[in-house]
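Trainee: I would like to work through this model question by question, with the criteria stated as we proceed.

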Amino acid sequence: MLSVQSVYCALKLFSDRRFLLKLFLRMYSSHRTTVSFLVALFSIAGTINFIEAARNNRHVTCGTVLKLVNTDYKVRLHSHDVKYGTGSGQQSVTATELQEDVNSHWAVKAATGKHCERGEPVKCGDTIRLHHLATNKNLHSHHFQSPLSGNQEISAYGDEHGEGDTGDHWLVVCSGDSWVRTNPVRLQHIDTDMYLGVSGRTFGRPINGQMEVIGLPNPYSGTEWIAAEGLFIHPTEKDSGAHVHTEL
């Protein structure tokens, strides 16, 4: 199974759209023989095939690493090692307009103490955790006020092993049987019944321009999210441990 660190490193590499071209040129200059160069070429071709295959993978699955875009505000769910100055004082969760930022990658995991099969589609009505790869914390909420709008605070929480508590649990609210990548979903906090949303208000320094992420009591404006860039585990390849990529 891939470690959090190895997945994070892979995401950093693939976040550069020119990565494959650079790799191709580097291999061409370093391989003197036709045979070795062809091996390198096929290696790159295999990576491109993985990227293309991901576009045909319709579902968000257990083990998926993705970015979530708010459909109303067009911002990506984000976190970083910056703590709130009010409320819980835990690690802040915001939303950013930047597309290519590794601090917006979240891994889909089962609820605390539960297990989900890698590559298994996430069903509507499932309880999941969203694990922030860069800081090893989980998307979290609780009865604290958010700093800008006074709604419910959303934070990132967990110990050095990435384990938190029931405040990390989110219900996947969607139509149909499973979470389809191209369809918007809502995430409802299990402990407090609040919906993950965006207030539209922006922070000043040190996270200037990033939007406030909040918990809202009703599933109205600002509470729909859609899967964007990511690394998606294909259901038919779960037993082999294979994975497919999209643009990260």
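Trainee: What conventions apply, and how many helices and strands are in the protein chain?

Mentor: This is a predicted model, in which local features need pLDDT of at least 70, side-chain atom pairs count only at pLDDT 80 or more, and totals for chains, interfaces and linings use all residues. Residues are numbered from 1 along each chain as its sequence is written, and side-chain values use heavy atoms, with hydrogens and water left out. Helices (H or I, at least four residues) and strands (E, at least two) are DSSP runs, numbered from the N terminus. On that basis the protein chain has three helices and 13 strands.

Trainee: Which share of the 248 residues in the protein chain is buried?

Mentor: Buried means under 20% relative accessible area, exposed over 50%, and partly exposed in between (1.4 Å probe, protein chains only). Of the 248 residues, the buried share is 47%.

Trainee: Why does Gln 91 count as buried, and which side chain does it join in a polar contact of 2.9 Å?

Mentor: Gln 91 lies in strand S3, residues 91-96. Gln 91 counts as buried because its relative accessibility is 4%. A polar contact is a pair of N or O atoms within 3.5 Å; within protein, one must be able to donate a hydrogen and the other to accept it, and residues adjacent in sequence count only if both atoms are side-chain atoms. At 2.9 Å, the partner of the Gln 91 side chain is that of Ser 79.

Trainee: Where is Thr 192 placed, and which side chain does it join at 2.8 Å?

Mentor: Thr 192 occupies the loop between strand S9 (186-189) and strand S10 (195-202). Thr 192 is buried because its relative accessible area is 12%. Its side chain makes a polar contact of 2.8 Å with that of His 189.

Trainee: Over which ring does the charged end of Arg 181 sit?

Mentor: A charge sits over a ring if NZ of Lys or CZ of Arg is within 6 Å of the ring centre and within 35 degrees of the ring normal. The charged end of Arg 181 is 3.8 Å from the centre of the ring of Phe 232.
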